[in-house]
Amino acid sequence: MAAVRDQQVSISVDDDEIRTGIELDDEVTSRPKRASFFGDAGFRVEPESLEFSVVVGSFLSALGAARTGAKVVDVYRCGDSESVGSRARMDAFRIHVEAVARKRGGNANVKQGWYGGSRDEIGAIVAHGFSGFKVATPSNGGAWGRGVHLSAAKHALDAVMGAEEDEDAMRHVLMCRVILGNQEVIRPGSEQCYPSSMEFDSGVDSLIEPRKYIFWGAYMNAYIFPTHTVSIKIDPLVQGLSGVKGNVAGGMRPTSPWVKFSRLMTLLGRVLSPSQMAQITKSYKDFSEKRIGRQQMILNLRLIAGDKLLAATIRQSSDRNWN
């Protein structure tokens, strides 16, 4: 049987981030099955494989305490190593890594990022790359300028919340390698669509603790390399959970049980683990600093704590002051 050259996963750990790179091996005895969802754009990774375990482990780790509310259904390897297009994109990414490294003192600052979208969008990106049609703008949710926005390595939940459920109630998230190079801070409300100077390669919402990576149109396909698609299901969330809906800004008080957020934090702290509370606290801090929206903050809270516990806690509280 003729030897088949195929993509293989190399694994290393750097600053608690599981890094997955694509390498070529001379001989592979088995090949992943073609993905039914993504056609020629991906191949299903067998659940029994090391590759599957590494990708799922990286994804769940990036979800933090919210991992309890997510179930990974499938993992697909992006592209086909026998495809001329896939090989060209792989080689181009390597060339850009080397070029940015030379320009930035030997460090291209390659990281892991996540991108959530609809099933069709993810399939199109894997097959053809990111399209200008899907570039975020201030009018369609791109609060951090015009470009492709990825969630940082430890914030896969943001990508999950940005993904669109398909008819099977699944969400699809791209796991990507990204070239950050030198980063500049992009402020909320910015309409920036290119680097402010030649000293910068990408944008972030924070240099200290980035949650978003921003890649402008000219760089989006050069500096982003999708490696895997993770297909997941999230535990059903009860619509209109008591205590999180209502026009409080307009002075209307909710008629159903509700609780002040500071009080809710105290009550949840009695039953949740320190790591869960740390993630909830961070999510609320991000909301306070306008790094995420109210709806996403609430969804984060529900995924981490669970609807049953939240509903029970709110009902038991006699605090009637809305935060």
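Asp74 is buried, with a relative accessibility of 13% (buried is under 20% relative accessible area, exposed is over 50% and partly exposed is in between, using a 1.4 Å probe and protein chains only). The model is predicted, so local features need pLDDT of at least 70 and side-chain atom pairs pLDDT 80 or more, while totals for chains, interfaces and linings use all residues. Numbering runs from 1 along each chain as its sequence is written, and side-chain values rest on heavy atoms, with hydrogens and water left out.

**View A. Arg44 pairs up with both Asp74 and Glu46.** Arg44 and Asp74 form a salt bridge, 2.8 Å from N to O (the rule is a side-chain nitrogen of Lys or Arg within 4 Å of a carboxyl oxygen of Asp or Glu). This pair ties together distant parts of the chain: Arg44 belongs to strand β4 (residues 39-44) and Asp74 to strand β5 (residues 70-78), 30 residues apart. Strands here are DSSP E runs of at least two residues, helices are H or I runs of at least four, and both are numbered from the N terminus. Glu46 also bridges to Arg44, with 3.5 Å between the closest N and O atoms. Arg44 is partly exposed at 22% relative accessibility, and Glu46 is partly exposed too, at 29%. If you're counting, the model has 13 salt bridges by this rule.

**View B. Asp158 reaches across to Arg211.** The closest N and O atoms of this salt bridge sit 2.5 Å apart. Again the partners come from distant parts of the chain: Asp158 from helix α4 (residues 156-162), and Arg211 from the loop between β10 (202-204) and β11 (212-215), 53 residues away. Asp158 is buried at 9% relative accessible area, and so is Arg211, at 5%.

View C. Asp286 lies in helix α7 (residues 274-288). Skip its neighbours within four places in sequence, and Asp286 touches Arg211, Arg291 and Ile292 (a contact being heavy atoms within 4.5 Å).

**View D. Helices α6 and α9 cross.** Helix α6 (residues 261-268) packs against helix α9 (residues 307-316) at about 115 degrees, with 10 Å between the axes. Axes are lines fitted to C-alpha atoms, over the stretch in contact for helices, and angles run from 0 to 180 degrees between N-to-C directions. The α6 and α9 crossing is right-handed: that's the near helix turned clockwise from the far one by less than a right angle, with anticlockwise being left-handed. From α6 come Leu264, Leu267 and Leu268, which meet Leu309, Leu310, Thr313 and Ile314 of α9. Sorted by class, that makes six nonpolar residues, one polar and no charged ones (nonpolar: Ala, Val, Leu, Ile, Met, Phe, Trp, Tyr, Cys and Pro; charged: Asp, Glu, Lys and Arg; polar: the others, Gly among them).

**View E. Cys78 and Cys176 are in no disulfide.** The disulfide count for the model is zero (the rule asks for cysteine sulfur atoms within 2.5 Å). For Cys78 the nearest cysteine sulfur is that of Cys176, 7.2 Å away, and for Cys176 the nearest is that of Cys78. Cys78 is buried at 8% relative accessible area, and Cys176 is buried at 0%.
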